[in-house]
Amino acid sequence: MITFFEASLAELSIHRIGNKSQDEFYVLSEASLQIQDEFLKNLLIQYFLSPYEKVNEIYRFTHVNDDLNLNEVYHFVEQIFENGQHFHKNSQELAKYLFEISSHPKIKAGELYVAYFENVQIEGDLHDAIGIFKSETKETYLKVYPEQAGFGLSYEEGAINISKLDKGCLIFNTEKEEGFKVAVIDQTNRSAEAVYWKDEFLKLKVRNDNYNQTNNVLGVYKSFVTEKMDEEYEISKADKIDLLNRSMKYFKEKETFDLDEFSNEVIGNSDGIASFKNYKKSYEEEFDTPIQDAFEISGAAVKKQSSAFKSVLKLDKNFHIYIHGDKDLIEKGFDDDKAMNYYKVFFKEEE
């Protein structure tokens, strides 16, 4: 969890980043900003940091050669943490590096903000943090002001909505040897060309904590039920929904995950259990993401995944059946006269 009620903005540099493939350029400021207005400082803190209150996933810097110093952003950030006098110089280097990798034609030009914060809280501890943010979306705002016997109206184009941070990352000055703690925001350009922010510019990997362990095992299980099981078994959609409901019930009621306990309680079939464990192992090898056999369950990850676990049985375009409990109260059959499938639903009271 990230909070900023004790945070202060110590330094800020702003640069302009164009799109290299569009023959645009970058513009570097000569010095960092000296902001004296406390109200403006508070607005900037709200703009930069408030989106992170809802961020649970924490990353680390990485590099394909396993040498963190070859990760450009890690290198420049480390220089700033080691000597704050090098803040603006390294903010310029970050801007030039971002420009170099901004080569996809759909990447938007915008302002790059590099900020140094003091006393930002993450997971209960206060740390200094470096923020790297990019604003790409501009909006038009109306202005209403008193005029003579009534009011006047004007507008301002190309303004930034401080409630909408386009892209950003917060790098906390802790766990340097492991690649720091990094939180990421990317609200725009979610298509394939936009991976440049997290994958090409920052080069991040997910930190293997309880949140990500919970998130990963739920994701693997959902994929196993909805995709893999069809290859090995004849299973109805109602049975799939039941398996998903049972898994979510397990994660909502338990405090810790145990692979064998989960498999026996939720899947309950020896062949299915073996298939799931093999599927989990294949996922770990393919994505180089180990999932422990036991860990503390993260409530935040369960809440996030629960919205993706659908319990709706869609029948043609006529009916939707929501299955929340005992699947034995619904039976599937085939009507020879109508040459159609049917479901029989048992209940005691109509609400």
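The model is predicted. Its largest nonpolar core has 33 residues, and another core, apart from that one, has 26. Helices α2 and α3 are roughly antiparallel to each other, and α6 and α9 are likewise roughly antiparallel.

**Nonpolar cores**

- Within the largest nonpolar core, of 33 residues, the members that touch the most other members are Phe 61, Val 73, Ile 132, Ile 171, Val 182, Phe 201 and Leu 202.
- At least two residues of this core come from each of the strands β4 (59-61), β5 (110-122), β6 (125-135), β9 (167-172) and β10 (181-186), and from each of the helices α2 (72-82), α3 (87-101) and α4 (197-202).
- The element that gives the most to this core is α3, with seven residues.
- Ile 132, setting aside neighbours within four places in sequence, is in contact with Val 73, Val 77, Leu 94, Leu 112, Tyr 113, Lys 167, Gly 168, Cys 169, Ile 171, Trp 197 and Phe 201.
- Another core lies apart from this one and holds 26 residues, including Ile 2, Leu 12, Leu 49 and Ala 115.

**Helices α2 and α3**

- The axes of α2 and α3 cross at roughly 170° and come within 9 Å.
- Angles over 145 degrees count as roughly antiparallel, and α2 and α3 are therefore roughly antiparallel to each other.
- On the α2 side the contact is made by Glu 72, Val 73, Phe 76, Gln 79 and Ile 80, and on the α3 side by Phe 87, Asn 90, Glu 93, Leu 94 and Tyr 97.
- Sorted by class, the residues of this contact are six nonpolar, two polar and two charged.
- Asn 90, one of the α3 residues in the contact, is buried because its relative accessible area is 7%, under the 20% cut-off.
- Not counting residues up to four places away in sequence, Asn 90 touches Phe 76, Gln 79 and Ile 80.

**Helices α6 and α9**

- Helix α6 (residues 237-253) and helix α9 (residues 299-306) have axes that come within 10 Å and cross at roughly 155°.
- The two helices are therefore roughly antiparallel to each other, and α6 passes α9 in a left-handed crossing.
- Met 248, Phe 251 and Lys 252 are the α6 residues that meet Val 302, Gln 305 and Ser 306 of α9.
- This contact divides into three nonpolar residues, two polar and one charged.

- Glu 265 is in helix α7 (residues 259-267).
- Glu 265 counts as partly exposed because its relative accessibility is 42%, between the cut-offs of 20% and 50%.
- Leaving out neighbours within four places in sequence, the residues in contact with Glu 265 are Arg 246, Tyr 250 and Lys 254.
- From Glu 265 to Gly 299 the C-alpha to C-alpha distance is 20 Å, with the two residues 34 apart in sequence.
- Ser 270 is in helix α8 (residues 270-287).
- Ser 270 is exposed because its relative accessible area is 57%, over the 50% cut-off.
- Ser 270 and Tyr 113 are 157 residues apart in sequence, and their C-alpha atoms are 55 Å apart in space.

Note on methods
Residues numbered from 1 in each chain as written. Predicted model: local features only at pLDDT ≥ 70, side-chain atom pairs only at ≥ 80, totals over all residues. Heavy atoms only, no water. Axes fitted to C-alpha atoms, helices over the stretch in contact; angles between N-to-C directions. Helix = DSSP H or I, 4+ residues; strand = E, 2+ residues; numbered from the N terminus. Parallel < 35°, antiparallel > 145°, perpendicular 65-115°, else oblique. Left-handed = near helix turned anticlockwise from the far one by under 90°. Contact = heavy atoms within 4.5 Å. Nonpolar A, V, L, I, M, F, W, Y, C, P; charged D, E, K, R; others polar. Core = buried A, V, L, I, M, F, W, Y, C linked by side-chain atoms within 4.5 Å. Buried < 20%, exposed > 50% of the residue type's maximum accessible area, 1.4 Å probe, protein only.
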